Amino acid sequence: MIEATLCFPLRDGADTGDERAGSRDGGTSPTEVLLIEKRRGLGEGWYNGPGGKLEDGETPRECAIRETREEVGLEIQPADLEKAGELTFLLDGEGHTFCHVYRTATFEGEPRPSPEARPEWVPIDDVPYDRMWDDDRLWLPGVLEGRTVAGEFRFEGGEPLDEAAFVDHDLEWDVEVVRER
Ligand SMILES: CNc1ncnc2c1ncn2[C@@H]1O[C@H](COP(=O)(O)OP(=O)(O)OP(=O)(O)O)[C@@H](O)[C@H]1O
């Protein structure tokens, strides 16, 4: 099974521009999420979070940080990455991809495009689910609200996965996620 990651950087949209961190209202929750429009590979043309496949010897957390740096140029410290979920994608009854989902409201840098991805801040209540993987609308809203999720999603119709049909799913919310290295 392919092991992959997704990372969702979050910000308070009211805090953009040159406002000082000190002017923030301490308890505000984030209002925007950084998505990418994928420019090549699996899910090309669709929106998703930054992320990708684990490389040899890499932990999921290291992968999420590396992919976010490579795809959009943001720098994240390992301790700032919060595990939000674990998703299993099955294709024709067999495990295809296991995906670790993270979120963070703490990062450095400004998003910049790369050959793989065009980044875009979008309001959390206006995420373009009609231009994303079919399963995203089921689990991403809760993840953006700060919940944890475990999900299994079944696709049928053969490779490639992004041309297969989404058939059904099981979801469990507010699960304990393994806080790996
Ligand atoms: C089936 N439903 C799905 N719903 C939401 N997200 C899904 C997904 N299935 C795969 N994903 C994500 O899509 C990315 C693929 O990445 P993918 O381009 O294959 O990997 P990577 O960036 O390493 O590419 P290269 O092989 O280097 O080109 C990776 O983040 C993975 O978690």
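**Ground rules**

I number residues from 1 along each chain, as its sequence is written. Because the model is predicted, I ask for pLDDT of at least 70 for local features and 80 or more for side-chain atom pairs, while totals for chains, interfaces and linings use all residues.

**Overall fold**

I looked up the secondary structure and found two helices and nine strands. Helices (H or I, at least four residues) and strands (E, at least two) are DSSP runs, numbered from the N terminus. Along the sequence I read β-β-β-β-α-β-β-β-α-β-β.

I then checked the dimensions. The C-alpha trace spans about 50 × 35 × 35 Å along its principal axes. The radius of gyration is 16 Å, which agrees with the value near 16 Å for a compact globule of 181 residues. That radius is taken over C-alpha atoms, and the globule rule is 2.2 Å times the number of residues to the power 0.38.

Next came burial. I find that 31% of the 181 residues count as buried. A residue is buried if 20 or more other C-beta atoms lie within 10 Å of its own, exposed if 12 or fewer, and partly exposed in between; C-beta atoms are placed from the backbone.

Residues 24 or more positions apart account for 64% of them. Two residues are in contact if their C-beta atoms, placed from the backbone, lie within 7 Å.

I traced the shell to its elements.

**Strand β5 and its partners**

I followed β5 (residues 82-91) to two partners. With β6 it pairs in the antiparallel sense over nine bridges. With β8 (residues 149-156) β5 pairs in the parallel sense over seven bridges. Pairing requires at least two DSSP bridges between the strands.

I picked out one position on each side. Leu90 has Gly95 as its bridge partner in β6. Leu91 stands opposite Phe155 in β8.

The β5-β6 hairpin has two residues between the strands. Asp92 lies in this loop. Asp92 has a positive phi of about 50° although it is not a glycine. I count 13 other C-beta atoms within 10 Å of Asp92, so it is partly exposed.

**Nonpolar core**

The largest nonpolar core has 33 residues, and Phe8, Val101 and Val143 have the most contacts inside it. β1, β2 (32-38), α1 (60-72), β5, β6, α2 (136-144) and β8 each supply at least two of the core residues. The largest share, five residues, comes from β1. Such a core is a set of buried Ala, Val, Leu, Ile, Met, Phe, Trp, Tyr and Cys residues joined through C-beta atoms within 7 Å.

I listed what Val101 touches beyond four places in sequence: Leu6, Ala84, Gly85, Leu87 and Val143.

Thr31 sits in the loop between β1 and β2. Thr31 is partly exposed because it has 16 C-beta neighbours inside 10 Å. Thr31 and Ile124 are 93 residues apart in sequence, yet their C-alpha atoms are 5.5 Å apart.

Leu54 is in the loop between β4 and α1. Leaving aside neighbours within four places, its contacts are Glu3, Ala4, Pro60 and Cys63.

I found a cis peptide bond from Glu159 to Pro160, with omega near -5°. Pro160 is in the loop between β8 and β9 (165-173).

Asp174 lies in the segment after β9. Its phi is near 60°, a positive value in a residue other than glycine. Asp174 is exposed, with 9 other C-beta atoms within 10 Å.
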